[in-house]
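Keep the sequence and the 3D view beside you as you go.

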Amino acid sequence: MGAELAETAASAAPGSGVLLVLLGMAAVTYLTRAAGLYLISRVSPTQRVEAFLRHVPASILVAIVIPSLAQGGLAERSAAGITALVAILTRNLIAALIAGVLAVVALRAII
């Protein structure tokens, strides 16, 4: 069985190795995510863990946005301010996202 598989892999087209790698990465990604969901469904987290998990997405967002703002110019920083203002006023994430994208495009064209 193993020899047949190796023989098949050797005779396959060069691009099939890439496909196998992609399928392997997809399988590993799925398994790590499914395992996390399975494990968290079996455990009742404490209030402290729930509070931690509730703040993880915001922390990741800040970790992504702050370096971009530090390296960005006036257009990017102004767009971030507009985005924050829209988010505060509307409490709508989609509206803030759209306002931020439009603001950065418009400000980059103007500035």
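A residue is called buried under 20% relative accessible area, exposed over 50%, and partly exposed in between, with a 1.4 Å probe and protein chains only. This is a predicted model, in which local features need pLDDT of at least 70 and side-chain atom pairs count only at pLDDT 80 or more, while totals for chains, interfaces and linings use all residues. Residues are numbered from 1 along each chain as its sequence is written, and side-chain values use heavy atoms, leaving out hydrogens and water.

**Exercise 1. Find where Arg91 lies and decide whether it is buried or exposed.**

Step 1: Arg91 sits in the loop between H4 and H5. Helices here are DSSP runs of H or I with at least four residues, strands are runs of E with at least two, and both are numbered from the N terminus.
Step 2: The relative accessible area of Arg91 is 75%, so the residue is exposed.
Step 3: Look at the backbone too: Arg91 has a positive phi of about 55°, although it is not a glycine.

**Exercise 2. Describe the overall make-up of the protein.**

Step 1: Count the elements: there are five helices and zero strands.
Step 2: Read along the sequence, they give the pattern α-α-α-α-α.
Step 3: Of the 111 residues, 8% count as buried.
Step 4: The protein exposes about 9,100 Å², and carbon and sulfur atoms supply 73% of that area. Such areas come from the Shrake-Rupley method with a 1.4 Å probe, and for residues only the protein chains shown count as cover.

**Exercise 3. Work out how H4 and H5 are arranged.**

Step 1: Recall that two packed helices are described by the angle between their axes and the distance between the axes.
Step 2: H4 and H5 pack at an angle of about 155°, with axes 8 Å apart. The axes are lines fitted to C-alpha atoms, for helices over the stretch in contact, and angles run from 0 to 180 degrees between N-to-C directions.
Step 3: The two helices are therefore roughly antiparallel to each other. Angles over 145 degrees count this way, those under 35 as roughly parallel, 65 to 115 as roughly perpendicular, and the rest as oblique.
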